[in-house]
Amino acid sequence: MSGAVRPRNRARRILAEAGSAFLALVLLIWSLLPIYNMFLIALDPEEGEVEFTGNLWTPEPSLQSFVEVVTQDARYLETFWQQFGNSLIIGIATTLLTLAIGSLASFAVSHLRLARGRLLTNTALLSYAVPASFLIVPYYRIAHAYGLADNLWGVIATQVTFATPFAILILQLYGRLIPAQLDDAARVDGASPVQIYLRVYLPVMIPALAVVALYALLLAWNDYLFQSVLLLPRNGTMAMVQGNLFADTDAEWNAMMAAGIIYVLPPIVLLLALRRHVAASLAMVSAGV
Amino acid sequence: MSTEQLLAVPSPLPARGARSPRRGNLRRADVIWGLAFVAPYAAVFLAFIVYPFGYALWLAREPSLYSELIADPLYLPVLLNTLLFVGIGVNVKMFLALLLSGFFLRRRWWIRALLAVFVVPWLIAAPQVGISFHWMLIGELGLIDRLLSELFGIDGPLWLNDRALAVGANIVAYVWKWMPFWTVIFLAARMTIPRDIYDAASIDGATGVRRFVHVTFPLMANLYLVCTLLSTLWTLGDFTTVWLISMGAPAGHSHVLATLGYRYAFDTARPSLGVAAVMSVLPILIPMAIVLMRRFHVSEVRV
């Protein structure tokens, strides 16, 4: 290699590094600006100090609004813990039911060989042919017909309906990588399908189940439409309270943003707890498509 | 050895086709167990997909509803908004996610730390994203216009008073929230591409853009297409972003079908018209779902 190439290479490398650093800076600002905005308003002690003067930072940041939220002292958040509890019930029930229903169906098809796996994944994909929100009117009527109006289980049912297809896609893709000999061996030992499901299938599928759990919780967490249509305000959730914010200029913005920041914590905790499984299984699953 | 030859080498990671041949005769007990295991999913599918869908078709059965839609001066602009929101939003998001997944692949501590920050928007629930963006764009008191005037001395526009800017704001917020999820998916896919393929490709002189076009992208093309189709279907149903950020302003001209349907059904008490509005795109939903089903099974090993 001639000597003339090397300085050019070095210059190119420095340029590439500078480019990376610039891209990193852009991504950092892009990712953090809306989050900064949330804190800007939440940390403002006096209602209206930042929002209505347009300061870029509040003169006296304070955690007062967070205290108001957890002591249920802010307007519209008088029942904060009940609202947060309702959101948690919907999130946790959606996650557990999605895990159970998705894994049972996936196990039956791929390990009991009930049908071709393709039938199950196609059914799952078909569920997404019509977006969930397009069916809100039928759901509203059906919730009344099934006696699920103003009932958290009505919302949970809709969330499970749209989380389970994704669960099946992930579990089927991941399950293809498990050698069938594994449960054939268990069967020779005389294990029943229930035992194979519990002792062989579920433990092996844990990384994929972690992805499913995170997806299901986030689906329920992101939902605003189904909660606000199917539930009444007295049985409200965090998403409903936040979404109704603009209906009333009397809302305490700083407390609302503080409540929003608290609401973000459960998905972050779940991701941190599951991150190793999520990274491992996403790699396997994406290689299968 | 050419790149094409290299690509013919099967990826060693997923041990596909490791399954024993399908047995012809199922044991009776297994069938009963199998049916019992599938029953909960079948019940959910019938009660909450098939039944509501049939109900929706029945509600939207009158042809007069569709002539009423066309006659509504809001319907065609909203159809165009939906096309822009989904078409631009999904494709920009997916393409950037694909490119960024290459950036995040690099093993540097600061890039890993950046990834941790980058995924946070995905974990912030849609209603919070909505109110934060709405408040950032509220006008001269919003953070964006304040920054524009402090840093550059520009008087920012009233973002949500202009149709194009309002639709654009919805798209930006949507990309902000959802790009990290797909970046993580593509990052995971890139991690499974064996290093030897890249090493061999670089011997052939394929680096940088050429490596991306001739090596990386062909390996990820099917995943990219499946993800884009799935995301398109999900995004068509995105209600929260538009409802909370532009709120349809100005005068309903930044609505998308999902929010317009809601408005017809719940604000003006015309449920059938609301269902007809969203069902009017059914002719494009069905072909998309069919392509999605086909592409999803492309890499499946036939047994």
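This is a predicted model: local features need pLDDT of at least 70, side-chain atom pairs count only at pLDDT 80 or more; totals for chains, interfaces and linings use all residues.

Visitor: What makes Asn122(A) partly exposed?

Guide: A residue is buried with 20 or more other C-beta atoms within 10 Å of its own, exposed with 12 or fewer, and partly exposed in between, the C-beta atoms being placed from the backbone. Asn122(A) has 18 such neighbours, so it falls in the middle class. By the way, Asn122(A) and Leu77(A) are 45 residues apart in sequence and 43 Å apart in space, C-alpha to C-alpha.

Visitor: And why is Asp150(A) called partly exposed?

Guide: Its count is 14 C-beta neighbours inside 10 Å, so the middle class applies to Asp150(A) as well. Asp150(A) belongs to the loop between helix H5 (136-145) and helix H6 (152-175) of chain A. What flags Asp150(A) is a positive phi of about 50 degrees in a residue that isn't a glycine. Most residues other than glycine have a negative phi.

Visitor: Which loop of chain B holds Met247(B)?

Guide: Met247(B) is in the loop between H12 and H13 of chain B, and its phi, near 55 degrees, is positive although Met247(B) is not a glycine. With 17 other C-beta atoms within 10 Å, Met247(B) is partly exposed too. That loop, between helix H12 (240-244) and helix H13 (257-267), also holds Pro250(B).

Visitor: How do you know what kind of peptide bond joins Ala249(B) and Pro250(B)?

Guide: Look at omega: at about -5 degrees, the bond is cis. Most peptide bonds are trans.

Visitor: What makes helix H7 of chain B mostly covered?

Guide: Count its residues: in H7 (residues 126-136), 11 of 11 are buried. Among them are Phe133(B), His134(B) and Trp135(B). Across chain B, 41% of the 303 residues count as buried.

Visitor: How do you describe the way H4 and H11 of chain B cross?

Guide: Two packed helices are described by the angle between their axes and the distance between the axes. Axes here are lines fitted to C-alpha atoms, for helices over the stretch in contact, with angles from 0 to 180 degrees between N-to-C directions. For H4 (residues 75-104) and H11 (residues 208-236) of chain B, the axes come within 10 Å and cross at roughly 145 degrees. Residues making the contact include Val86(B) and Gly89(B) of H4(B), and Tyr224(B) and Cys227(B) of H11(B); contact means C-beta atoms, placed from the backbone, within 7 Å.

Visitor: How many nonpolar, polar and charged residues does that contact have?

Guide: Seven nonpolar, five polar and no charged. The classes are Ala, Val, Leu, Ile, Met, Phe, Trp, Tyr, Cys and Pro as nonpolar, Asp, Glu, Lys and Arg as charged, and the others, Gly among them, as polar.

Visitor: How many residues of chain B are in contact with chain A?

Guide: 89 residues of chain B, against 79 of chain A. Helix H2 (residues 28-59) of chain B gives the largest share of chain B's side, 19 residues. By class, that side has 68 nonpolar, 13 polar and eight charged residues.

Visitor: What divides chain A into domains?

Guide: The assignment gives domain 1 (5-68) and domain 2 (77-287); such bounds come from an automatic or database domain assignment. The centres of these two domains of chain A, over C-alpha atoms, are 32 Å apart. Nine residues of domain 1 of chain A are in contact with eight of domain 2, and the domain 1 side splits into four nonpolar, one polar and four charged. Chain B is divided into domain 1 (26-59) and domain 2 (64-296).

Methods. Residues are numbered from 1 along each chain as its sequence is written. Chains are lettered from A and ligands numbered from 1 in the order in which they are written. Two residues are in contact if their C-beta atoms, placed from the backbone, lie within 7 Å. Helices (H or I, at least four residues) and strands (E, at least two) are DSSP runs, numbered from the N terminus.
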